[in-house]
Amino acid sequence: MKCPYCIKGKSKVVDKRDIPELDTIRRRRECLKCGKRYTTYERIELTGLTVTKKDGRRESFGRDKLLSGVLKACEKRPIAREHIEKLVSEVEAELRSREDKEVPSTEIGKRVMEKLRDLDNVAYIRFASVYREFTDLRSFEKELTKLRKSLEKRKGKHD
Ligand SMILES: [Zn+2]
């Protein structure tokens with residue numbers, strides 16, 4: 001576990017909290033080199049899911065990889081880290097509850113997008129643009145139209 005501030009190793013754990021519903025352990029760490037404190041979320045990887053990519057390649061499912069994609073989309077957005085962790089855990093739980101242990105990467109992307117749409121519009125569009133690989137303005141506009149419609153629907157509910 002490298003310190004994100006000085007990029008040196010070795011830290012001591014100063015606080016630990018289990019988040020059972022996420023199967024996650026949150027650790028507050030202190031760097032032994034620079035003394036700065038940071039938080040890590042650690043999780044035991046469960047094996048068994050295989051992701052099939054559009055080009056036919058297969059790889060084992062990695063929660064960290066999924067998380068980093070979502071984190072990237074949520075960068076500088078006012079979204080609590082725990083909401084992001086929760087989203088990723090929900091998607092993972094959904095995938096694991098499937099009968100089929102081979103999951104197309106498109107299915108993962110779809111599930112993340114559905115949840116991001118409710119969480120943050122900007123993060124949603126960012127994720128969609130990477131995942132859908134918008135190659136032209138038209139497909140991007142189509143996505144925006146979908147988002148606008150779902151927002152109007154939600155607004156209607158609250159009025
Ligand atoms: Zn450090």
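This is a predicted model: local features need pLDDT of at least 70, side-chain atom pairs count only at pLDDT 80 or more; totals for chains, interfaces and linings use all residues.

Q: Which residues are the protein donors of the zinc ion, and how far from it do they lie?

A: Cys3, Cys6, Cys31 and Cys34 each donate through SG, at 2.3 to 2.4 Å from the zinc ion. Along the chain, these donors have the spacing C-x2-C-x24-C-x2-C. Distant parts of the chain are linked in this way: Cys3 belongs to the segment before β1 (11-19), while Cys31 is in strand β2 (residues 24-31), 28 residues apart.

Q: Are Cys3 and Cys31 buried or exposed?

A: Buried means under 20% relative accessible area. Cys3 has 1% relative accessibility and therefore counts as buried. Cys31 has a relative accessible area of 3%, so Cys31 is buried too.

Q: Turning to pockets, what is the volume of the largest pocket, and which residues are the closest to its centre?

A: The volume of the largest pocket is about 700 Å³. It is lined by 24 residues, of which Lys53, Lys65, Ser105, Phe127 and Tyr131 are the closest to its centre.

Q: Which element supplies the largest share of the lining of the largest pocket, and what classes of residue does the lining have?

A: The largest share, seven residues, comes from α1. Elements that each supply at least two residues of this lining are β5 (58-60), α1 (63-73), α3 (105-119) and α4 (121-131). By class, the lining of the largest pocket has nine charged, nine nonpolar and six polar residues.

Key:
Residues are numbered from 1 along each chain as its sequence is written. Side-chain values use heavy atoms; hydrogens and water are left out. On a 1 Å grid over the protein atoms alone, a cavity is a set of points where a 1.4 Å probe fits but cannot get out, and a pocket is an open set with protein on both sides within 12 Å along at least five of seven lines; lining residues have an atom within 4 Å of a point. Grid points are joined across faces, edges and corners, and a volume is the space filled by probe spheres set on the points. Helices (H or I, at least four residues) and strands (E, at least two) are DSSP runs, numbered from the N terminus. Ala, Val, Leu, Ile, Met, Phe, Trp, Tyr, Cys and Pro count as nonpolar, Asp, Glu, Lys and Arg as charged, and the others, Gly among them, as polar. Donors are N, O and S atoms within 2.8 Å of the metal (3.2 Å for Na, K and Ca); water is not among the atoms, so sites may look incomplete. Buried means under 20% relative accessible area, exposed over 50%, partly exposed in between (1.4 Å probe, protein chains only).
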